[in-house]
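Please keep the sequence and the model in view while reading.

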Protein chains: 2
Amino acid sequence: MAVTATDALVVFTPSGRRGRFPVGTPLLQAARSLGVDIDSVCGGRGLCGRCQVVLAEGEFPKHGVTSRAAHLSPSGAVEQQFCRSQPMATGRRLSCSTLLLGDVVVDVPPDSQVHRQVVRKAAEARDIELDPAVRLHYVEVQPPDMHDPSGDLRRLEDALEFEWRLTGLACDVRVLQQLQPALRRGAWKVTVAVHGGSQIIAVWPGFRERVYGIAVDVGSTTIAAHLCDLGSGDVVAAAGTMNPQIRFGEDLMSRVSYVMMHAGGEKEMTDAVRAAINGLVADVTRQAGISPDEILEATFVGNPIMHHLLLGISPVELGGAPFALSTDASLTLWATEIDLAIHRNARIYVLPCIAGHVGADAAGVVLAERPDLSEEVTLLVDVGTNAELVLGNHRRLLACSSPTGPAFEGAQVSCGQRAAPGAIERVRIDRQTLEPRFKVIGCDLWSDEPGFAEAVAATGVTGICGSGIIEVVAEMYLAGAIRHDGSIDGELGARNARIHADGRTFAYRLHNGADGRAPLAITQNDVRAIQLAKAALHAGARLLMERMGVDRVDRIRLAGAFGSHIDVKYAMVLGMIPDCALDHVSSAGNAAGTGARIALLDQRARRTIEQLVRRVEKIETAVEPRFQEFFVEAMAIPHLTAPYARLREAVALPERGTAAGDARRRKRATGRRSA
Amino acid sequence: MAVTATDALVVFTPSGRRGRFPVGTPLLQAARSLGVDIDSVCGGRGLCGRCQVVLAEGEFPKHGVTSRAAHLSPSGAVEQQFCRSQPMATGRRLSCSTLLLGDVVVDVPPDSQVHRQVVRKAAEARDIELDPAVRLHYVEVQPPDMHDPSGDLRRLEDALEFEWRLTGLACDVRVLQQLQPALRRGAWKVTVAVHGGSQIIAVWPGFRERVYGIAVDVGSTTIAAHLCDLGSGDVVAAAGTMNPQIRFGEDLMSRVSYVMMHAGGEKEMTDAVRAAINGLVADVTRQAGISPDEILEATFVGNPIMHHLLLGISPVELGGAPFALSTDASLTLWATEIDLAIHRNARIYVLPCIAGHVGADAAGVVLAERPDLSEEVTLLVDVGTNAELVLGNHRRLLACSSPTGPAFEGAQVSCGQRAAPGAIERVRIDRQTLEPRFKVIGCDLWSDEPGFAEAVAATGVTGICGSGIIEVVAEMYLAGAIRHDGSIDGELGARNARIHADGRTFAYRLHNGADGRAPLAITQNDVRAIQLAKAALHAGARLLMERMGVDRVDRIRLAGAFGSHIDVKYAMVLGMIPDCALDHVSSAGNAAGTGARIALLDQRARRTIEQLVRRVEKIETAVEPRFQEFFVEAMAIPHLTAPYARLREAVALPERGTAAGDARRRKRATGRRSA
């Protein structure tokens with residue numbers, strides 16, 4: 001456009017884009033023609049409030065502009081109307097309703113940007129860029145005209161093209177069934193949900209501002225769901241539930257066996273998991289005060305067997321060699337295809353599995369952690385019944401699973417139990433007297449503190465959970481009660497009678513078993529079970545490291561509930577994970593679930609993970625002779641020699657009294673947890 | 001490839017493509033590398049027999065080749081095995097199993113071509129080129145390998161790419177649910193159905209040769225279905241049934257009223273029509289001895305209200321101005337979305353509607369007739385409760401509907417009835433005595449022939465159907481009993497008492513009403529009803545002609561049951577249709593249904609009709625003042641002046657004794673018909 005005397009200069013920050021426009025141009029229009037990233041659902045009608053900007057006051061020599069409030073039109077009727085329903089912060093204006101009168105610098109705050117960043121809380125985590133597959137568009141549609149007959153859908157598409165530059169859209173037939181009443185009830189004004197910029201999936205009469213998505217992590221033990229506002233990226237509700245498939249089998253292989261041995265068993269399990277997910281949908285929508293109909297998209301992660309059962313695919317091929325997945329590609333389908341009780345045109349995105357034992361949950365971890373973006377070699381560890389391991393950096397990514405078995409989850413251990421109130425989760429053993437003290441889930445006190453007995457009276461001390469087993473075995477080793485080869489040193493029975501004969505081997509009595517309960521003891525078999533599990537995990541990591549040609553890793557991230565709850569220094573004492581600087585080993589939280597949430601909020605992340613998964617080199621531990629060698633080598637517990645100085649120091653410190661530890665304990669004490 | 005001394009020349013006819021290949025090359029492989037159109041389902045394994053060729057014997061100076069049987073390998077074990085199950089015609093060879101040994105000319109017969117022509121019976125009709133959306137591909141899939149883990153789907157896709165050059169395929173999740181068992185039951189050999197070259201929609205263990213499609217014409221009165229073999233294009237079964245929606249309203253507008261007045265009425269009607277279509281599916285599959293699961297695609301045509309109700313879209317907007325369609329685009333959806341009981345991944349293609357009164361049935365007629373391919377101006381007329389009219393040539397296409405009302409279907413006429421046994425369908429009136437003779441559906445004899453009374457004793461003479469009404473009014477006019485303005489000439493009562501007073505007007509007694517039935521008479525109101533209907537039809541055609549700027553049409557094609565059954569010369573006597581040379585007016589049969597069949601057999605025809613429909617200029621008669629003028633002008637019955645010489649000659653001829661007429665009558669007499 002030609003610059004005239006009546007043109008005014010506008011500079012948008014932070015982008016720095018600038019241009020001259022005729023006096024009277026709405027700021028939103030100026031921004032759009034400059035390609036400035038400003039959000040809008042209502043298309044500039046002063047309804048949604050997404051396009052708020054702030055006038056930068058004062059002189060801006062860099063831009064050659066003096067910003068003055070008088071250089072913008074005063075607040076008009078539309079803006080005042082909006083403010084009455086949703087007050088705006090001081091200095092904020094609706095860019096759609098504010099006209100350019102003179103030269104100005106206008107700031108677009110982060111929450112007004114389309115591709116805003118969704119901040120992740122963890123320090124190590126990158127932010128999520130918001131770019132959901134489902135977006136809302138408010139349009140005014142031309143009413144039908146007998147002189148120019150055309151279908152209502154065509155006129156809707158014309159409006160979407162004119163107002164939102166959306167072209168070549170397809171439309172679900174179920175939208176067509178609702179289209180005509182919606183247009184007429186909305187007096188030709190409707191809000192349309194478009195998926196992937198290509199498919200009309202919903203239409204509502206009038207203006208609608210919000211649409212939701214749900215990210216679901218289908219674990220063998222627990223299922224967790226996060227309900228997100230797709231406009232802001234905020235998590236508006238979260239819920240978790242036990243996977244009801246547990247009644248068909250505690251671990252994955254027993255569920256596969258159930259399918260093999262029971263006609264229709266696969267459908268029973270598919271129905272069960274879908275019902276549980278629908279329960280979570282009901283739960284999170286109730287929390288958020290919305291209807292399940294407002295959820296337009298769902299994303300899923302899960303291990304290969306959970307993935308197959310969710311989709312109604314029999315997992316039997318995953319139960320035996322060669323562990324063939326039905327598909328290792330991502331899937332996009334309708335919610336109705338998996339009986340999900342959300343909007344009936346909602347779409348489902350299922351992240352790709354990596355290999356027969358490395359599932360879409362591992363893909364979610366990769367997406368959350370993005371080891372491919374760093375030069376550092378990162379090891380990602382997700383421990384469940386199997387440990388899924390991913391190793392790599394920006395050059396290569398490798399993955400395998402290690403058959404750790406369920407010992408880390410408290411199974412296969414004589415006094416083991418799932419993490420629940422009453423379970424021992426922390427243990428310290430006096431290096432001299434061999435006397436233990438411990439903490440149980442649901443109680444803030446250590447067992448040697450006054451009031452402990454009263455505090456745990458309700459639950460009792462019922463067993464030992466995964467993190468507790470790691471600690472007790474490591475502490476026994478540090479106190480000398482377990483030798484380098486894992487055998488319990490019976491001679492120490494002379495020092496403390498807690499070490500006692502148990503058949504032909506020895507055991508360590510951790511708790512005397514009040515209230516008529518049997519004592520809790522760590523037997524030689526329990527130590528062996530942990531040794532086998534940690535050796536498998538270590539061997540898997542070694543195998544990946546050897547394939548990659550590295551002899552140490554720069555960073556280790558422990559994902560999942562187990563990773564969140566174990567104390568990494570004890571994992572290192574036992575040699576569960578490869579050598580790594582202690583402060584470079586950390587929990588990644590529920591990284592698989594985070595990956596599902598990233599895929600929900602940023603559709604480009606779907607292409608990213610699909611490409612990454614194709615790049616991953618898959619290693620099958622079952623057919624690698626080196627795995628067996630590494631496994632045997634990893635059975636022993638490492639000597640804490642010179643390179644372990646910092647670790648030695650760490651485990652010698654009393655944990656009691658550190659603020660972070662206390663905070664974590666308090667949080668855990670508030671309820672049942674799931675590891 | 002480099003030509004060597006051991007290369008042999010092969011020339012394929014009719015394409016004329018030629019090339020040199022090493023001795024020992026299979027003919028099919030040579031054909032493929034030359035891009036010669038040879039069919040195959042089994043991929044060259046000697047199972048399907050689709051790739052048969054014929055050796056052209058002798059000298060071919062044009063090609064510089066001497067063809068000799070010795071220049072091809074003798075029949076081997078695979079070919080002999082195939083011949084035992086399906087004997088081949090003499091001289092035929094399986095090109096996949098026949099090796100090139102010397103120079104040859106090889107003919108690819110039409111039935112071995114992928115894009116063979118499907119011959120349409122009618123003389124005026126072009127053949128259909130076969131290119132179905134669903135094609136079968138037999139593949140051998142690599143079994144899974146632990147050393148190179150990949151999903152079964154990926155290896156299936158690899159095989160489809162390697163053997164059939166299909167890339168970028170998507171896959172229904174319901175196929176994934178069946179994929180692993182199918183691969184294992186078929187020992188890694190499966191047949192895959194691919195839709196549109198892009199989507200895997202079915203997989204079966206082992207080799208499967210045939211797949212079917214169904215083309216459905218959903219009429220307000222009747223629904224007709226044709227089951228086609230998608231490999232050959234043959235119609236293997238056909239069936240028709242009454243549209244059960246009739247119980248909610250005889251004509252279209254009464255069905256729309258039913259929806260308006262009854263909550264859930266739309267669902268009742270949608271369920272009814274879907275159930276009827278499923279009944280037809282059961283019928284045609286029973287006839288063909290196949291399972292409904294073998295039907296992988298269905299195509300649909302229907303007027304806008306039938307179209308909407310089939311899809312579960314309320315037709316209420318079509319019941320009043322401005323007659324807005326929900327969509328005027330074609331639709332591709334899953335069979336399950338309209339509850340169609342065929343293969344559960346089968347796809348549905350619904351032809352596009354043209355305008356609120358001009359439906360997908362008219363689009364089907366356009367596709368069957370292709371007026372856009374000719375320089376001649378063609379008028380297509382599809383008469384139902386409304387007449388849908390399309391006029392045009394290769395330059396322009398125009399369409400409108402005319403509100404003829406149901407008079408042509410026998411409604412609104414005192415003794416009218418639907419076409420069924422017992423209904424008068426042919427009438428002749430003696431120009432002098434005014435005595436009539438007639439024929440009824442279900443009887444070969446004229447009413448003045450011996451034995452007529454006995455022959456119709458079973459049904460009686462129950463009324464007069466659409467074609468009978470046209471004829472009796474036209475014959476009354478030709479005999480002078482009706483004046484140019486449509487009034488019945490009461491003075492002729494003196495000549496024959498069949499003309500008698502009927503209140504303040506007159507009537508003509510056609511039949512005395514034996515067996516206690518009331519006499520059948522044509523009243524002044526009946527003549528007026530026909531005049532109104534024919535004036536509407538004529539006015540619609542005039543309007544299109546005026547818009548197009550033509551004052552006559554070169555060709556008229558009458559589509560639908562009505563068009564098949566009326567005698568065009570009587571339609572011309574009444575002035576129903578514009579002036580046109582009598583031998584250029586003909587029936588197009590069930591052209592709408594043929595259009596559905598073309599869309600089923602040739603996927604490219606879908607893009608053709610979608611583009612044509614967009615090009616059609618839609619005229620809404622209700623808002624065209626000229627339509628009213630034309631309507632009033634068309635009320636009178638034309639004088640058969642000089643230009644009508646040939647028509648005068650035609651109607652003066654006795655129809656009795658013409659072979660074509662007799663054949664048609666015999667055919668119709670065999671059963672109930674639907675007009």
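The sections below move from chain A as a whole to individual helices, loops and residues.

## Basis of the report

This is a predicted model, in which local features need pLDDT of at least 70, side-chain atom pairs count only at pLDDT 80 or more, and totals for chains, interfaces and linings use all residues. Residues are numbered from 1 along each chain as its sequence is written, chains are lettered from A and ligands numbered from 1 in the order in which they are written, and side-chain values use heavy atoms, with hydrogens and water left out.

## Chain A as a whole

Chain A contains 18 helices and 31 strands. Helices (H or I, at least four residues) and strands (E, at least two) are DSSP runs, numbered from the N terminus. Taken along the principal axes, a box of roughly 100 × 65 × 55 Å holds the C-alpha atoms of chain A.

Of the 675 residues in chain A, 60% count as buried. Here, buried means under 20% relative accessible area, exposed means over 50%, and partly exposed lies in between (1.4 Å probe, protein chains only). A contact means heavy atoms within 4.5 Å. Among the contacts in chain A between residues at least 6 apart in sequence, 67% join residues at least 24 apart.

## Helix H11 of chain A

Helix H11 of chain A spans residues 524–548 and has 25 residues. From its first C-alpha to its last, H11(A) reaches 36 Å, close to the 36 Å expected at 1.5 Å a residue; the expected span is 1.5 Å times one less than the number of residues. H11(A) is mostly covered, with 19 of its 25 residues buried. After H11(A) comes Gly549(A), whose phi is positive, near 80°.

## Two packed helices in chain B

Two packed helices are described by the angle between their axes and the distance between the axes. In chain B, helix H3 (residues 152–164) and helix H4 (residues 173–185) pack at an angle of about 70°, and their axes are 10 Å apart. Axes are lines fitted to C-alpha atoms, for helices over the stretch in contact, and angles run from 0 to 180 degrees between N-to-C directions. H3(B) and H4(B) are therefore roughly perpendicular to each other, a term for angles of 65 to 115 degrees.

On the H3(B) side, the contact is made by Asp152(B), Leu153(B) and Leu156(B). On the H4(B) side, it is made by Leu176(B), Leu179(B), Gln180(B), Leu183(B) and Arg184(B). By class, the contact has five nonpolar, one polar and two charged residues. In this scheme, Ala, Val, Leu, Ile, Met, Phe, Trp, Tyr, Cys and Pro count as nonpolar, Asp, Glu, Lys and Arg as charged, and the others, Gly among them, as polar.

## Backbone features in the loops of chain A

A cis peptide bond with omega of about 5° joins Thr13(A) and Pro14(A). Pro14(A) lies in the loop between strands E1 (7–13) and E2 (18–22). The peptide bond from Ala321(A) to Pro322(A) is also cis, with omega near 0°, and Pro322(A) lies in the loop between helix H7 (304–310) and strand E18 (331–334).

Arg165(A) has a positive phi, near 55°, although it is a residue other than glycine. It is found in the loop between helix H3 (152–164) and strand E11 (170–171) of chain A, and it is exposed, with a relative accessible area of 72%. Ala187(A) has a positive phi near 50° and lies in the loop between helix H4 (173–185) and strand E12 (189–195) of chain A. Ala187(A) is partly exposed, at 45%.

Is Arg116(A) buried or exposed? At 8% relative accessibility, Arg116(A) counts as buried. Its side chain makes a polar contact of 2.8 Å with the side chain of Asp39(A). A polar contact is a pair of N or O atoms within 3.5 Å; within protein, one must be able to donate a hydrogen and the other to accept it, and residues adjacent in sequence count only if both atoms are side-chain atoms. The backbone oxygen of Gly231(A) lies 3.2 Å from a polar atom of the Arg116(A) side chain.

Glu129(A), in strand E9 (residues 128–129) of chain A, is partly exposed at 32%. The side chains of Glu129(A) and Arg604(A) are joined by a polar contact of 3.3 Å. In chain B, His195(B) is in strand E12 (residues 189–195) and is buried at 12%. A polar contact of 2.8 Å joins the side chains of His195(B) and Glu297(B).

Technical notes: Parallel < 35°, antiparallel > 145°, perpendicular 65-115°, else oblique.
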